[in-house]
Amino acid sequence: MTPEPLELWRAGWVALALWRVVHGEARWVSVHPQDPREGGGGPARPLSQPPEPPAFLPVYVPPVEALGIPAHHLRLWRETFKGFVRGLTPGERQLLEAYLGRGRAGVLVSFNPSSRRLQTHAPADMVDVFLRLARKAEVLEFPAQS
């Protein structure tokens with residue numbers, strides 16, 4: 001099944017955002033435990049385990065006007081990401097680590113204006129891992145169209 005352009009585009013930006021975290025160019029945004037937003041608080045942890053506050057990775061998804069994709073934001077929760085990684089097969093985990101461990105950010109997906117299509121620049125199985133992860137990100141409301 002061929003992914004929708006919107007999903008593919010989001011996957012590329014989620015991949016880049018995670019690469020930036022691994023390489024110290026971005027970080028998870030902690031949510032104060034008293035914050036009433038979703039993800040704040042959570043179950044108590046045993047005293048032997050230091051508490052890790054809920055956190056999310058903000059992901060900006062730029063527009064691709066030719067494909068009708070508006071600029072918008074995603075929010076990937078750290079616990080969602082950790083759970084996703086735990087559920088990967090060893091081979092899928094290696095693909096994820098291979099992308100995130102690169103010395104330079106690799107472009108997973110780009111827009112080709114001459115063909116008016118998205119192009120992938122990674123093996124299909126790697127793209128699939130990031131597609132599945134991007135689907136787990138919270139989509140913040142699209143901006144109003146003018």
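1. A salt bridge here is a side-chain nitrogen of Lys or Arg within 4 Å of a carboxyl oxygen of Asp or Glu. Asp128 and Arg132 make one, with their closest N and O atoms 2.8 Å apart. The two residues sit four apart in helix H4, so about one helical turn separates them. Asp128 is partly exposed, at 33% relative accessible area. Arg132 is partly exposed too, at 25%.

2. A word on confidence before going further. This is a predicted model. The mean pLDDT of the protein is 87, and 84% of its residues reach 70 or more. Over residues 38-42 the pLDDT is below 50, although this stretch has 10 contacts in the model beyond near neighbours in sequence. I would read that stretch separately from the points below.

3. Arg132 has another partner. Its side chain meets that of Glu92 in a salt bridge, at 3.0 Å from N to O. This pair links distant parts of the chain: Glu92 belongs to helix H3 (residues 90-100) and Arg132 to helix H4 (residues 124-134), 40 residues apart. Is Glu92 buried or exposed? Glu92 is buried, with a relative accessible area of 18%. The cut-off matters for this residue, because buried means under 20%.

4. In total, the structure holds seven salt bridges. One of them joins Glu52 to Lys82, with 2.7 Å between the closest N and O atoms. Here again distant parts of the chain are linked: Glu52 lies in the loop between strand E1 (29-30) and strand E2 (55-61), whereas Lys82 lies in helix H2 (residues 78-86), 30 residues apart. Glu52 counts as partly exposed, at 30% relative accessibility. Lys82 also counts as partly exposed, at 31%.

5. Now the rest of helix H4. Which residues of H4 are buried? They are Met126, Val127, Val129, Phe130, Leu131, Leu133 and Ala134. The cover over the buried residues of H4 includes helix H1 (5-22), E3, H2, H3 and strand E5 (117-120).

6. Ala134 is worth a look within H4. Ala134 is buried, with 7% relative accessible area. Setting aside neighbours within four places in sequence, Ala134 is in contact with Arg10, Ala11 and Val14.

7. Strand E3 comes next. Five of the six residues of E3 are buried, so the strand is largely enclosed by the rest of the structure. E3 runs antiparallel to E2, and six bridges join them. Within this pairing, Pro58 has Arg75 of E3 as its bridge partner. E3 also pairs with strand E6 (residues 138-139), in the antiparallel sense and over two bridges. There, the bridge partner of Leu74 is Val139 in E6.

8. At 1% relative accessibility, His72 counts as buried. What does the side chain of His72 reach? It reaches the backbone oxygen of Pro70, at 2.8 Å.

9. The largest nonpolar core has 38 residues, of which Leu18, Leu76, Leu108 and Phe130 touch the most other members. The elements giving two or more residues to this core are H1, E2, E3, H2, H3 and H4. H1 gives the most, with nine residues.

10. Leu76 shows what such a position touches. Leaving aside neighbours within four places in sequence, Leu76 is in contact with Val14, Leu18, Trp28, Ala55, Phe56, Leu57, Phe81, Leu133 and Ala137. Leu133 is among the buried residues of H4, and Val14 is among the contacts of Ala134.

Technical notes:
Residues numbered from 1 in each chain as written. Predicted model: local features only at pLDDT ≥ 70, side-chain atom pairs only at ≥ 80, totals over all residues. Heavy atoms only, no water. Buried < 20%, exposed > 50% of the residue type's maximum accessible area, 1.4 Å probe, protein only. Polar contact = N/O pair within 3.5 Å; in protein donor to acceptor, adjacent residues only side chain to side chain. Contact = heavy atoms within 4.5 Å. pLDDT = per-residue confidence, 0-100. Pairing = 2+ DSSP bridges. Core = buried A, V, L, I, M, F, W, Y, C linked by side-chain atoms within 4.5 Å.
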